[in-house]
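Please look at the sequence and the model shown here, and then follow the explanation of its salt bridges and of one of its helices.

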Amino acid sequence: MGSGYLILAGAIMLFSWLVSSRLKSKFELYSKLQLRNGMSGAEIAEKMLADNGIRDVRVISTPGQLTDHYNPADKTVNLSEAVYNHRNAAAAAVAAHECGHAVQHAVGYEWLTMRSKLVPIVSVASNYVQWILLAGILMIRTFPGLLLIGIIIFAATTLFTIITLPVEYDASNRALAWLENKHMLTQEEQAGAKDALKWAARTYVVAAIGSIATLLYYISIYSGSKRN
């Protein structure tokens, strides 16, 4: 694929690793900051849902690490075991953030609705797009249209990563505002929760930048083939 792609991929991977490492260290730090109120992540989540008048969403525990997510299909806030059971600033931040998505769903937040509509498309596209792009590059002289098809499909996944940014930032803002307004955390705990969510959001920024850069790279290959 050329040295340009290797340099780009390497730079993105390095940047992603640095942000992920920083995120991990932040969560390890704030996992040691025990909550003064003694509430677990599950209890934080249940209270935030109740305070927002949401009574049809269940808070459940899910196996693994960093597996926390909100599922709009079955209306469940899925918290990893560490978040569900633990009583620290990191757990509170993650639990409230995932409930932020539940609040978005309840109020019909436009960006979440848009992202949800793209999920089936992206799920299918992600399984095949790399193979289509590879085949398109190999057959660029005989069948340039194949690369264009791959670019269009990849553009859909890129759009998904871009739409994810306002969804994630808004969920964090809702979480932090609720934690502060309800006086759930001390000042130190609130600062820790804010810092943890800030670094979590940056992983999505890296993903979006990487996807955009990769898309532009494939577009440049296709454009170059049209000029030759």
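Which residues are linked with K26 in a network of salt bridges? The network joins K26, D195 and K198, where a salt bridge is a side-chain nitrogen of Lys or Arg within 4 Å of a carboxyl oxygen of Asp or Glu. This is a predicted model, in which local features need pLDDT of at least 70 and side-chain atom pairs count only at pLDDT 80 or more, while totals for chains, interfaces and linings use all residues. Residues are numbered from 1 along each chain as its sequence is written, and side-chain values use heavy atoms, with hydrogens and water left out.

The structure holds seven salt bridges. In one of them, the side chains of D195 and K26 meet at 2.7 Å, N to O; because D195 lies in helix α7 (residues 187–227) and K26 in helix α1 (residues 3–30), this pair ties together parts that are 169 residues apart in sequence. Helices here are DSSP runs of H or I with at least four residues, numbered from the N terminus. D195 is buried at a relative accessible area of 12%, and K26 is buried at 13%, where buried means under 20%, exposed over 50% and partly exposed in between (1.4 Å probe, protein chains only).

Another salt bridge joins the side chains of E43 and R87 at 3.2 Å, N to O, and it links helix α2 with the loop between α3 and α4, 44 residues apart. E43, at 33% relative accessibility, is partly exposed, as is R87 at 37%.

Within helix α2 (residues 41–51), the buried residues are G41, A42, I44, A45, M48 and L49.

Methods:
Helices (H or I, at least four residues) and strands (E, at least two) are DSSP runs, numbered from the N terminus.
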